[in-house]
Amino acid sequence: MDRLPILSIMTWAPFASALVIMFFARRRPLLVRWTSVAGTGVSLVASIWVYWTYDRVRAGFQFQEEFSLVPSLGISYLAAVDGISALMALLTSIIIFAGVFASWTTKQRSQEFYALLLVLVTGVYGVFVTLDLFVLFLFYEIAVLPMYLLIGIWGSSGDVRPQGIFGWAMGRTGVGTKEYAAMKLTLYLLFGSAFILVGVLALFVATGSRTFSFLELQQMRFDPALQSWVFLAFYVGFGILAGIWPLHTWSPDGHASAPTAVSMLHAGVLMKLGAYGVVRVGMGLLPDAAVDWAWLVGTIGCINIVYGALSAMAQTDLKYVIAYSSVSHMGVVMLGAATLTPNGLNGSVFQMFAHGIMTGLFFALVGLVYEKAHSREIFKMSGFGTMMPGIATAFTIGGLSSLGLPATAGFVAEFLTFLGAWTSDYRWWLFPAVIGAFLTSVYVLRVAGQIFWGPKSADPHFQDLADAQGPEWAALGILVFVLVLFGVAPSIAIGPVDTATGPLLRRLIGQ
Amino acid sequence: MMAGDGTLALAALLLHATAFLVLAIAAPLRRLGRPAAYVSILCAAGSLAAAVLSWRAHTGEAISRLVWTWLPSEGQTLATVGVLADADSTVMLTLVALVALLVQVYSLGYLSDERAPSLGRYYAYQSLFAFSMMGLVLAPNFVQLFICWELVGLCSYLLIGFWYERPAAARAALKAFWITKTGDVGLLIGIVLIWRHTGTFDLTEMRVLAGNGAIPLAGLSVMTFCIYLGAVGKSAQFPLHIWLPDAMEGPTPVSALIHAATMVTAGVYLLHRTDWLFALTPDVLAIVVWVGAFTALLSAVLACVQNDIKRVLAYSTISQLSYMMAAIGAGFSGAGFLHLLTHGVFKALLFLGAGAIIHAVHSNDLPDMGRLARRMPQTAIVFTVGALSLAGLPLFAGFLSKEEILGAVLAGGFAAPFAMLVLVAFLTAFYMFRVVFLAFFAAPPAGHAGAAAASGAPHVADASHHASHGAAAHEPHEPPSSMLLPLWVLALLSVATGVFFTVVHPEPEFESPAWLMPVGVGSAVAGILLAWATYQRRAIDAASLAAAFGPIYRGALARFWIDAVFERAYRLALLGFSRLVGWIDRYLVDGVLNVLSAWTVQAGDDLRTMQTGRVQDYVYGIAVGLLVLLLWVQFN
């Protein structure tokens, strides 16, 4: 190898720092944190470097690394990025780097917390850079499993009253507790990964049991009937992680119960794993089925958008609002992909990035508010803007991006998706998408107005609250900066993404 | 000279952007307050100079266009950003730059008691607004137009809610944002549709297509109507006009700049800018006229019953915007645009004048004023100049533009809207001079002797804000020179443009009958006389005047229940429906899942009882299993 294995460095640096933390940082919380900063910092630099030096003219998969793992089954460690995965890796780096700062004040077992978080991130990077489906699946599991411990141990419980015709079942399963949320999330995602595994194996068998390599599978044109059901398996499997309706209910409970950095990472990056899986593996390998099933993917995307927004509006717990807004925004991602148009697909990938950053920002802010005010009850809080102007401003900027205000990344993503929707075969998708953006403006600004911009609360618990401080500013600053930067100069992101979506679509439409 | 290529226009735009960036990033500077204001004002002054120069460089047919790729797609350019400078956009640019500068100077005096960090924040918003508004004015394509359109909406939201600790201000900010956003949904859809329809966002290219007849007419009405919806929200047309009166919760200079002279005119400007497109869809234009005339009348009636001086002006703004809309709908958008420009000057003057009054008496309410002309003669003069301009008397700014609008609507063949607009002209003069007489010349009503702050509890934004400073001297006085100077500039401009147009009287694009001018001026004079007789001479009792219009008067007091309808729709329909969906999600969609898991757990519990630990049970089990297997083998 004549150059640095930059993708592997990016992927394994967090893992290495997790090892350092476990073996050398016992009872030294500050060392834990700085090791995490170092590990994720290396990844951040590496992913910026990859993104910056990615050759847009040559396009295709670059920075390729390969060595064989199990030659007899055609399993190899094959890492490479194209425009889409380079952007996703960059997103991961930004979120985890900010997340390390956002959980700076974790008190309980911070050593294990950071170690698990870093292992999880390695899994995420792995999924984004790996082109071998078997290894991709391994990484996928690595990314999903630590979540159980992270939520189960460091999470927080909420209060959900069982009622309705299924109330008896809810009482029995312990709705609202962090253990319930952790179990629900894990089981749901494992259920999904079973579908993925079946799909991967089906493709493997269809090649004559030769290879798991994405690059080789991509050259084949599978039988349409096989494509059709394998695509559905991938759609359900990856889609669960992307929060597709009606398989999304793990997301609000899971995200609400998870500790700050975990919510950031999960809603910010892991949900993108699902969408990325549908686009890369589902659409990339099964072009005919992707065209056939586009109506389903897009329509469910529209349901996600409107249903998620309305559900978010109904919540009284701040974290649930953000979690449901993720469900709504992931609908935009799926809708954009389903349009099968260049603009729609660019919008979809851009929305993955934009939503990742904004929801990361939101969860960081919710964590900060909770830490200061010890409340997530929206309608009990009021007038925090005077006490914590920095947090209030950041929340408002995140909200504006969420509702698709121009000059933030959210606008570019939604606008491209709208253009794609109207040029797709199902034009009516445009209307639920636009209405979803409007509904978002209602619930986001209502919440921001209630908590931050209003008369100061008389509640004695809510007096003299502090603004963000020290390392917390780092998290907010990075995320707000990225959100605005990519909104003002979207070509930074669209340029490389565009080089990857074009060839993908040409395979789909069959030119 | 570089002027010809649009660089000057770009410079005007970027100066405000610079000011905003400096204030946004350099937080310590912003928190200093006044130094931040000076940065902003300095940039605004430079911007005005650049705008004027670029205006002079773009007379007649001169057009310059600068664009850069903003959004690529498939290796091509999907959307650009840049400037499109021509005669219309540069004169509008100059108006924006002028009013922005004057308002920023005025605010130094008006907000002199503001805490330093808030003052810095105020100027940061002001700069952002000016930048966005100029970006809108100079937009070469629909994408930039929409971007800036939303950004000015954001600034409006931020500035209405500037005193966000006041519940009314926070609520009004949200209301303004949501209502205009409703219209923007239409605009966005319209832009997407028209892009697909014509293959471009670019205004210049689209105009060429329209000129060649290359835009298919099928479905075009839907698209122009959607675009018009955006203008309905922004320019406060019925039924989305309800946000503008509430927007008066913001500081008065903000009302002058954003909610009178510039931002609210963006809808009118949009329609003027794309009049070649709307010309292809006469059915939509007819809607524009009718909605315009109706809104003009509705809001003029509402303006007559307001006691809050700013709300009178707010309804008056709605009414005048609708005037412009009517002219554009009649197919003569030049008349509407001219009125936009003159209105921008004299309405800013009226708002800033009202601000001077509020500054002096610490109240927004007319009954708290009276005979102010004695104590504030300069304010009285400039305000009356503004009122005469608004009424549209000869030698004042609104004269020609109002006549042109009336003529345009008549020439367009819209007789009933014309009659409505003449009635509006009468009402306009009436409600405006009601304010002039009540505030400056008539004696205050009994029980309201002297300034309000001494007696009643002030209850309106600026008033309570000023009252909270606890100034002991409540003798109304002239405002400081930083406020008087902008007032005089605007007053002189109103008179200058009025005299200019009265003397020069440019040839309109259409034929107007000779009786038009006497009718227009006559109705205005009649309005003034009625106001004089009612409020100055008190020859007519205001209460019996109200009683004569019983149902209309009562309806107007309740804002014709339009706000209430929206409120209900929001609370019952939207929030109610969202609660239903939320419940369904939690208890049905998720409930099914919980049932599945409960069953699984239950099954585990039940099956566990099979594990008894007694060997006999297991032997039975093995025996039964064997039997089943044997039978199965036997019958296959």
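Over which residues of chain B does pLDDT stay under 50? Keep that in mind; the tour ends there.

**Before you start**

This is a predicted model: local features need pLDDT of at least 70, side-chain atom pairs count only at pLDDT 80 or more, and totals for chains, interfaces and linings use all residues. Residues are numbered from 1 along each chain as its sequence is written, while chains are lettered from A and ligands numbered from 1 in the order in which they are written. The model scores ipTM 0.91 and pTM 0.91.

**Stop 1: chain A**

Select chain A. Its secondary structure comes to 20 helices and two strands. Helices (H or I, at least four residues) and strands (E, at least two) are DSSP runs, numbered from the N terminus. The C-alpha atoms of chain A fill a box of roughly 70 × 55 × 50 Å along the principal axes. Of its 511 residues, 63% count as buried. A residue is buried if 20 or more other C-beta atoms, placed from the backbone, lie within 10 Å of its own.

**Stop 2: two packed helices**

Select 389–402 and 471–488 of chain A. These are helices H16 and H19, packed at an angle of about 35 degrees with their axes 11 Å apart. Axes are lines fitted to C-alpha atoms over the stretch in contact, and angles run from 0 to 180 degrees between N-to-C directions. Now show the contact. H16(A) brings Gly390(A), Ala394(A), Ile397(A) and Ser401(A). H19(A) brings Leu476(A), Val480(A), Leu483(A) and Gly487(A). Two residues are in contact if their C-beta atoms, placed from the backbone, lie within 7 Å. Look at the spacing: an α-helix has 3.6 residues a turn, so residues three or four places apart point the same way.

**Stop 3: where the chains meet**

Show both chains. Here 49 residues of chain A are in contact with 49 residues of chain B. On the chain A side, select H18(A): this helix gives the most, with eight residues.

**Stop 4: an enclosed helix**

Select 266–273 of chain B. This is helix H12, and eight of its eight residues are buried, so it is largely enclosed by the rest of the structure. Among them are Tyr269(B), His272(B) and Arg273(B).

**Stop 5: confidence in chain B**

The mean is 87, and 95% of residues reach 70 or more. Now select 449–460 of chain B, the answer to the opening question: pLDDT stays under 50 there. The model has 27 contacts beyond four places in sequence for this stretch. Next, select 467–473 of chain B, where the pLDDT is also below 50. Where pLDDT is low, the predicted coordinates should not be read in detail.

How values were computed:
Buried ≥ 20, exposed ≤ 12 C-beta atoms within 10 Å, placed from the backbone. pLDDT = per-residue confidence, 0-100.
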